[in-house]
Amino acid sequence: MDCLLKKELTVLPSICDNTARFSVPAVFSTFMDLASEHGQIIGVGNDVLEEKGLFWLTVKTKIKIHKRPSMMDKITASTWPEKPERIRCNRYYLLSNGEEHLIEGKSEWTIISPNNGKLHRIDEVYPTDIEHYEKRICEEPFSRLSDDFSNDEEICRYTVRSTDIDLGQHMNNAAYMRAIFGVFSCEELDKLNIKEAEILFKAPCFEGESLSVKIRRNEGYIDIGMLKEGGKAAAVARLTMGDTI
C-alpha cells in the first residue's frame with residue numbers, strides 16, 4: 001500500500017486572510033483534514049477507530065513557512081506518515097508549487113481510549129502492508145514549550161463556543177490556532193511576520209469554558225498559553241517571526 005497522499009488544491013477565499021494569502025490557522029486546519037482523509041484511505045480513519053472505542057489524538061503540530069500562496073493559486077498538498085512507534089507516530093505535510101516548498105509541517109499523533117483516557121498501542125490497529133515514504137521535512141525537533149504562565153500577561157479571555165466543538169465533544173485542535181490568531185489585530189500580525197508556528201495540546205476544553213490567554217514575549221518569538229481555571233494549560237503555542245513573503 002502506497003503511503004503518500006498527494007492532491008491539487010485551489011487557495012480559495014475562505015482560507016485566506018486580510019492579505020489575500022493562505023492564512024496560518026487555515027494551514028493547521030488543512031493539514032488536519034489531509035491527515036483525516038489519508039487515514040481513511042489507509043484503513044485507520046476515525047470510523048475504524050470508533051468501532052474499536054478509540055480516537056486519534058494530536059499531541060503537537062509544527063509548521064514552517066517559506067512562502068504563503070495567494071488567493072486562487074493552484075498548489076499541491078501532500079501528506080505521509082512516518083513508520084509508527086509503539087505509542088506515537090509523526091506525520092508530515094507539504095504545500096508546494098512544482099519543486100518549490102511553500103509550507104512544511106509535521107505533527108505527532110497517538111491513539112487514546114476516550115472511555116478511560118489511556119493511550120493505545122498503534123501497532124495493534126495500524127496496517128502492516130504499508131510502504132512508508134522515507135522523505136522527511138520540517139526536520140527540526142519540536143520545541144520544549146513551558147506551560148507555566150503564572151508570571152505572564154493576560155491579554156484576553158476566550159469562551160469556548162459551539163462552533164469550536166468537534167466530534168469528540170471538546171474544542172477542535174484547529175480552533176485553538178484560530179482563537180490565538182484572533183487576539184492579534186491585522187496590523188500586529190503583519191508586524192509579527194510569522195515564519196514558524198507550533199502548538200502543543202495539553203488538556204481538552206469544552207463548550208462554555210472560559211480560558212485565560214497569556215503571552216510571553218522573547219527575542220524572535222512569542223509563546224502563548226491558553227489556560228483553564230486554576231492555571232492548567234489547555235494548549236501552548238509558539239509563533240516565530242521572520243522574513244516570509
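Methionine 71 comes out as partly exposed, at a relative accessible area of 35%; here buried stands for under 20% relative accessible area, exposed for over 50%, and partly exposed for what lies in between (1.4 Å probe, protein chains only). The model is a predicted one, in which local features need pLDDT of at least 70 and side-chain atom pairs count only at pLDDT 80 or more, while totals for chains, interfaces and linings use all residues. Residues are numbered from 1 along each chain as its sequence is written, and side-chain values use heavy atoms, with hydrogens and water left out.

Methionine 71 sits in the loop between β2 (55-65) and β3 (74-81); helices (H or I, at least four residues) and strands (E, at least two) are DSSP runs, numbered from the N terminus. Together with Leu12 and Met72, Met71 makes a nonpolar surface patch of about 260 Å². Patches take residues with over 30% relative accessible area and no salt bridge, joining like charges within 9 Å and nonpolar side chains (Val, Leu, Ile, Met, Phe, Trp, Tyr) within 5 Å. The areas themselves come from the Shrake-Rupley method with a 1.4 Å probe, and for residues only the protein chains shown count as cover.

On to the helices. Helix α1 (residues 24-41) has 18 residues and should span 26 Å at 1.5 Å a residue, which agrees with the 26 Å between its end C-alpha atoms; the expected span is 1.5 Å times one less than the number of residues. Buried residues of α1 include Val27, Phe28, Phe31, Leu34, Ala35 and His38. Glutamate 37, also in α1, is partly exposed at 33% relative accessibility. Its C-alpha atom is 8.7 Å from that of leucine 5, although 32 residues separate glutamate 37 and leucine 5 along the chain. After α1 comes glycine 43, with a positive phi near 95 degrees.

Helix α3 (residues 173-182) is largely enclosed by the rest of the structure, because 8 of its 10 residues are buried. Among them are Tyr176, Met177, Ile180 and Phe181. Asparagine 172 caps the N-terminal end of α3, placing a side-chain oxygen 2.8 Å from the backbone nitrogen of alanine 174.

Charged pairs come next. The structure holds 17 salt bridges, each a side-chain nitrogen of Lys or Arg within 4 Å of a carboxyl oxygen of Asp or Glu. One of them pairs glutamate 196 with lysine 62, with the closest N and O atoms 3.3 Å apart. Glutamate 196 is in strand β8 (residues 194-201) and lysine 62 in strand β2, so this pair ties together parts 134 residues apart in sequence. Both glutamate 196 and lysine 62 are buried. Lysine 64 bridges to glutamate 140, the closest N and O atoms being 2.7 Å apart. Since lysine 64 belongs to strand β2 and glutamate 140 to the loop between β6 (119-120) and β7 (153-159), the pair ties together parts 76 residues apart in sequence. Lysine 64 is buried at 14% relative accessibility, whereas glutamate 140 is partly exposed at 35%. Glutamate 134 and arginine 136 also meet in a salt bridge, at 3.7 Å from N to O; glutamate 134 is exposed at 58% and arginine 136 partly exposed at 23%.

As for the cysteines, a search of the whole structure turns up 0 disulfides, a disulfide being a pair of cysteine sulfur atoms within 2.5 Å. For cysteine 3, the nearest cysteine sulfur is that of cysteine 89, 9.8 Å away, and cysteine 3 is buried at 0% relative accessibility. The sulfur of cysteine 186 is too far for a bond, because its closest cysteine sulfur, in cysteine 16, is 13 Å away. Cysteine 186 is partly exposed at 42%.

Most residues other than glycine have a negative phi. Alanine 20, in the loop between β1 (5-10) and α1, has a positive phi near 65 degrees. Asparagine 193, in the loop between α4 (186-192) and β8, has a positive phi of about 50 degrees. Alanine 20 is partly exposed at 30%, and asparagine 193 is partly exposed at 25%.

Terms used
Polar contact = N/O pair within 3.5 Å; in protein donor to acceptor, adjacent residues only side chain to side chain.
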